[in-house]
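Subject: Structure handover

Hello,

Here is the structure I promised. Please open it alongside this note; what I found follows below.

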Amino acid sequence: MTTIIEPFRIKSVEPIRMTTREEREAALDKAGFNLFKVPARDVLIDLLTDSGTGAMSSEQWAGMMRGDESYAGARSFERFEAVLQEITGFAHILPTHQGRASERLLFEVIGGPGLVVPNNAHFDTTRANAEHSGCEAVDLPIAEAKDPSSRHPFKGNMNVPALEARIGKVGVERIPAVMITITNNRGGGQPVSLGNMRAVREVCDRHGLRLVLDACRFAENAWFIKLREPGQAHRTIPEIVREVFDLADGVTISAKKDGMVNIGGVLLLRDETLFQKASELLILTEGYVTYGGLAGRDLEAMAQGFQEVLDEDYLRYRVGQVAQLGAWLEEEGVPIVRPVGGHAVFIDGRLFFPDIPEDEFPAQAVCVELYKEGGVRAVEIGSNLIGRNPDTGENIRPAMDLCRLTIPRRVYSSEHLEHVVDAAKTVLDGQHSRSRGLAFLKEAQGIRHFASTFREL
Ligand SMILES: Cc1ncc(COP(=O)(O)O)c(C=O)c1O
């Protein structure tokens, strides 16, 4: 049987609104051709992010009703803590309101000016928090990560010789931790192999360095290990997940991904002293250590979500659905980045609109056309996002100019995704009517893609 089916029935539905092309063109015009500024009510299929956009299960909703809202020592915290201890083997667990809060605490306790943090690829907020503490955030992906045509099965891997070289160059005393992001979001949800993580651990052990995981998509990563890594197929997902966590001294998690909740995060630390410091900081801004900026009911939903995500039927469907979308797009001739990662499919903007010059944002134009055609909201991860070189003022040319279709968990059916493929194919068929791209109406400072507005050329 090759059909990928949803391993759940639908118990509650949320209507989505069909709009006309005229309505969508008007919405785009009003939003300055920035999809972040289009109201969600005008979006048919929302593929902006997989973060906090998933559907919760009936057991999670039941847990929400059981939520114990006691300020200290709530039953919901006990359940949350026990589940995370069982899955990760960590004794010290702090709840936070989302991933970046965990990152902020981590870097307040280990970061500081003059320090250097190597990572396979820092996610934006991880980089921002490391830099805010004064650290230099260094990305060390393998060379294949930057090659859209490479079919490497673990494109998220860290470049281990480059890590060794960097440690030699800056010195161990300036490295508060080595980080690995699983899966590598910046690289398209590309997985990191167990072999690579073991090799990084070995380097850390030899130099007496901490290893910290950014483990937002730890279960999707474990599924790829089971599928693709020699010698791993017979192991269960909890076994693989546990081995991965056992390699780490600390972990930050945004539970809005594999925690299967709409809000929540986790910080895990093995070191008692660091844990005490982080606990004090948590109380300062997030809340008491047994709720960390969340309600008791959120802790229940997380405890349940972290268990459900380990189910193989779920992971087969989840990763399979994303791969299916990629395969359908490819069949229609839509240029995508291969292999498809765990949570998103990336359309190559430069190949999709070869006639649009780089400074006119081809990938942003793909996002705009997908919305016009099918009410599909995607996000540009390319020239617009990356911004300008602060020294020269020139637009930076990223290795790839991409339109990301990010799939929320347990939300859209195969038919919804067929609609996305239809929209992309229709735009592609008419691509030569579009040989000019977009120009800034207002260029935002910092992360440009949230606030900049455009006009069509
Ligand atoms: C790899 C990675 N790390 C950290 C974060 C930050 O998590 P949050 O948005 O919950 O703050 C994200 C969110 O997208 C992510 O993908």
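A cavity here is a set of grid points where a 1.4 Å probe fits but cannot get out. Please keep in mind that this is a predicted model.

**Cavities**

The structure has two cavities of 30 Å³ or more. The largest cavity holds about 60 Å³ of space. Its lining consists of Asn34, Leu35, Phe36, Leu48, Gln364, Cys367, Ala378, Val379, Glu380, Asn384 and His449. Helix H14 and strand E11 (379-381) are the elements that give two or more residues to that lining. By class, the lining of the largest cavity has six nonpolar residues, four polar and one charged.

The second largest cavity holds about 30 Å³. Around it sit Gly187, Gly188, Gln190, Val337, Pro339, Val340, Gly341, Ala344, Val345 and Phe346. Six of these lining residues are nonpolar and four are polar, with no charged residues.

**Cis peptides**

The peptide bond from Arg338 to Pro339 is cis, with omega near -15°. Pro339 sits in the loop between H12 and strand E9 (344-348), and Pro339 also lines the second largest cavity.

Another cis peptide bond joins Ile182 and Thr183, with omega about -20°. Thr183 belongs to the loop between strand E5 (178-181) and helix H7 (194-207).

**Ligand site**

The shell around the ligand has 14 residues; Arg100, Asn185, Asp214, Ser254 and Lys257 come nearest. Helix H4 (residues 99-110) gives the most to this shell, with three residues. The shell divides into two nonpolar, six polar and six charged residues.

- Asp214: an N or O atom of its side chain is 2.7 Å from a nitrogen atom of the ligand.
- Arg217: a polar side-chain atom lies 2.9 Å from an oxygen atom of the ligand.
- Ser254: an N or O atom of its side chain is 2.7 Å from an oxygen atom of the ligand.

Taken alone, the ligand exposes 390 Å². The protein buries 96% of that.

**Second largest pocket**

This pocket holds about 1,300 Å³ of space. Its lining runs to 38 residues. Ser12, Glu14, Ala55, Arg410 and Val411 lie nearest the centre of the pocket. Helix H2 (58-66) and helix H12 (312-331) each supply at least two lining residues. By class, the pocket lining has 19 nonpolar, nine polar and 10 charged residues.

**Positive phi**

Two phenylalanines deserve a check. Phi of Phe33 is near 55°, a positive value in a residue other than glycine. Phe33 lies in the loop between helix H1 (21-30) and strand E1 (45-46). Is Phe33 buried or exposed? Phe33 counts as buried because its relative accessibility is 7%, and the cut-off for buried is under 20%.

Phe361 also has phi near 55°, again positive in a residue other than glycine. Its place is the loop between helix H13 (349-352) and helix H14 (362-374). Relative accessibility is 1% for Phe361, so Phe361 counts as buried too.

**Where to start**

Best wishes

Conventions
Residues are numbered from 1 along each chain as its sequence is written. This is a predicted model: local features need pLDDT of at least 70, side-chain atom pairs count only at pLDDT 80 or more; totals for chains, interfaces and linings use all residues. Side-chain values use heavy atoms; hydrogens and water are left out. On a 1 Å grid over the protein atoms alone, a cavity is a set of points where a 1.4 Å probe fits but cannot get out, and a pocket is an open set with protein on both sides within 12 Å along at least five of seven lines; lining residues have an atom within 4 Å of a point. Grid points are joined across faces, edges and corners, and a volume is the space filled by probe spheres set on the points. Helices (H or I, at least four residues) and strands (E, at least two) are DSSP runs, numbered from the N terminus. Ala, Val, Leu, Ile, Met, Phe, Trp, Tyr, Cys and Pro count as nonpolar, Asp, Glu, Lys and Arg as charged, and the others, Gly among them, as polar. A residue is near a molecule or strand if one of its heavy atoms lies within 4 Å of it. A polar contact is a pair of N or O atoms within 3.5 Å; within protein, one must be able to donate a hydrogen and the other to accept it, and residues adjacent in sequence count only if both atoms are side-chain atoms. Accessible areas come from the Shrake-Rupley method with a 1.4 Å probe; for residues, only the protein chains shown count as cover. Buried means under 20% relative accessible area, exposed over 50%, partly exposed in between (1.4 Å probe, protein chains only).
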